[in-house]
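Let us walk through this structure. We begin with a pair of helices and then turn to aromatic rings.

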Amino acid sequence: MLAAPLLRLGARHHATARRALIASTAGYATKAGAAPPKKPKRAPTTATTRSPATADPPRLTRFDVPPGSPGDVARTPRAEYTQHTLDSVMATASPPVCSVMSSRDFIHNSLYNPHYGYFSKQARIFQMLRPIDCTQLSSTLDFMNAVGEQYDAIERDLEARAAVVDDVTRQIWHTPTELFKPWYGAAIAKHVVSAHLKSSSNRPLVIYEVGGGNGTLMANVLDYVRDTHPDVYRTAQYHIVEISANLASIQRSTAAQHGHADRVSIVNASALDLGKDGVVDPDPCFVLALEVIDNLSHDVVRWDLVSRAPLRGVVATDDYNDHAEEYFPVADPLLARALHMMSVHDAGSVGGPGARDPWWLATSPLPTLARSALLATIPGAPNLSRRAFVPSNLLALFESLRAALPNHRAVLSDFSSLPDTTSARDRYAPVVQTRFRNSMVPVSTYLVQPGLFDIFFPTDFALAKRMHDAVMHPAYHVDAAMEAGMRAIQTGSGKREVPQWLRESPKAEGAASVATHRGFLEAHGDLRATTTKSGENPMLMYYENCAFLLS
C-alpha cells in the first residue's frame, strides 16, 4: 500500500479543448501533420451514427447525477482503491475506476491497452495511395495539395466502407516515411547498408524495426536493398517488433505485396519486453525506430522546493472516472535510474524541473533552512516545483535493446520539440490531442479518458544520447545503476555520484551521435527525386523539428 500522498491535484478527464493543432510554419510538424502553406491538413471525415445496439454505454460523470438523487453513487473511500501494476491494468477490458497507478503506467495503458488503447482502437496511419513525383510539381504547395487529394480519397473510401464509426475519436496521422515514400525509407536503407558493408560485409544484414506502422519502412528498405545490393538482400533478415496486433497484420500483408515475405518476421510484442525471456541475439544488427520513442510513456515528477527531493506522480481515478494526481517519494528502480542520469546530464545547469520554474531558480542558492523560512513567509508560495516528464521508458527501451541485442546499432528518429504541449512551463511536457468534428484538438492535461487521445512527447536528444551511451557502456549493470540512483535520491543533488558508465566518453565503443533531420537526409537521401521545379524540397523542409540518434 502507498502511504498518504504528499499532495493531491485534481483534473477532470474532459479538459477544455483548445484550438486545432495545425503547425504555423511549413517546417514545423507534429503527428497531426505538417501544415501546408494554404491547404491545412484535415482529419478525415468518417462519421456515421452508431446504432443503439453497438453503442457503448455512456460513462456518467459526477455532473450527470445530482447529489442525493437515486442514481447518486456513494464515493468509494480512497483507501479502498485498487493499486494497479502495469500488467494488471493492461489486462483490464475497460478503463478502471476506483484505481491508482503510476503516471507512467496510466499513460502507457491509455496508449497501448489491447482492449481500449489508442493504438489498439483509434489510430490509423495515413498511407499514401501512390508515391508523389516531386519533380513534376511546381512547388511545395503543389505537394501539399497532392497530399490533400489523397487524403480526401481515403476519407471517401472510409466513409463508403465503414458501417459503424465513432466520429469523435477516429484519428489518422501521417509520418515522413509515408509522405515521402519510397525516398525516405531509401535514405534509411542507404545509411544502414553503408554502415553494414563497412563493418561486417561477410555477415548477413539483420534489421530489427520497433513499431513498424503500416510496414512501409520495411518495404522501402528491403526494396532498396534488393535493387541496389542483391547479394546483401539474398541473406538479409528483417524483424519487426510490433505491440499492435492490428498493425502486425497489416505489416504481414505489406511484406507479401512487396515480395519480402521470406525475409520478414513479425513478433506481436512490446519492445520493452525484449530480453526478459533470456533470448539474446549476439550478432551485429541494426535497430530502427522512427516516430516510436515519442509515444514511450514518461513518469511525472515534481521536486520538494525545500528538501529538493523528487516525488513521483501517481494517478488516482474515482467512481466517476475523474482523475487526480498524487505525489509520493520515489521508490521505483527504473525512475531512480532515469533521474540519476538526468541529474548528471544537468550538471552545471538548474536541473530538476528545468529553467522554466521561477521558484526553483529563486530558491536554488539558499540553504535548506533559508528556503523553508522564505517559502513559509510568502503567501501562495508552492511547496512543489513544476512538473518534469521523465523519459523512464526510453531508458527501459535502451536497457531492453542491450539485453536482447547487445551488438546493435541504432537509428532512431523523432520530434525534438513540439508546439501546443499541455504546458509551456513543464519540462518535456507532451502534446495530448484527439479529434473533434473533423479537427485535431489539443488539450491541456494528460489526465484524459484512456484510449481516446494520442499522448506524445518531445525528445531531448542530448539526454537520449547520454542514456544510450551509459546503457551501452561495458561497465553498466541495471542493479548497480539502480543502487546509484537510489543513493543519489537519498543523499541529494549536492553529493552527486558519477559512476564510470555515466562519464562522458565520446570515443567509447558504441557511442551515439545526434543528427538533424535535414542533415541526415542531405547525407543519405536522393534529393533530386524529392525536389520540385521551384527548387524547393519538401522532404527537407518538413519535419525540421525532428532529429536522429545514430550509433
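This is a predicted model: local features need pLDDT of at least 70, side-chain atom pairs count only at pLDDT 80 or more; totals for chains, interfaces and linings use all residues.

Residues are numbered from 1 along each chain as its sequence is written, and side-chain values use heavy atoms, without hydrogens and water.

Start with helix α10 (residues 333–345) and helix α14 (residues 461–472). Their axes lie 10 Å apart, at an angle of about 120°. That makes α10 oblique to α14 (angles under 35 degrees count as roughly parallel, over 145 as roughly antiparallel, 65 to 115 as roughly perpendicular and the rest as oblique). On the α10 side, the residues in contact (heavy atoms within 4.5 Å) are Ala338, Met341, Met342, Val344 and His345. They meet Ala462, Leu463, Arg466, Met467, Ala470 and Val471 of α14.

Now the rings. The whole structure holds 10 aromatic pairs (ring centres within 6.5 Å; planes under 30 degrees apart are stacked, over 60 edge-to-face, the rest tilted). Phe389 and Tyr446 have ring centres 5.8 Å apart and planes at 90°, so this pair is edge-to-face. Phe389 sits in strand β15 (residues 388–390), Tyr446 in the loop between β18 (439–443) and β19 (454–456). The two are 57 residues apart. Phe389 is buried at 1% relative accessible area (buried is under 20%, exposed over 50%, partly exposed in between, with a 1.4 Å probe and protein chains only). Tyr446 is buried too, at 3%.

Phe520 and Phe548 are stacked, 4.0 Å centre to centre with 20° between the planes. Phe520 is buried at 2%, and Phe548 is buried at 0%.

Notes
Axes are lines fitted to C-alpha atoms, for helices over the stretch in contact, and angles run from 0 to 180 degrees between N-to-C directions. Helices (H or I, at least four residues) and strands (E, at least two) are DSSP runs, numbered from the N terminus. Rings of Phe, Tyr and Trp (its six-membered ring) pair if their centres lie within 6.5 Å; planes under 30 degrees apart count as stacked, over 60 as edge-to-face and the rest as tilted.
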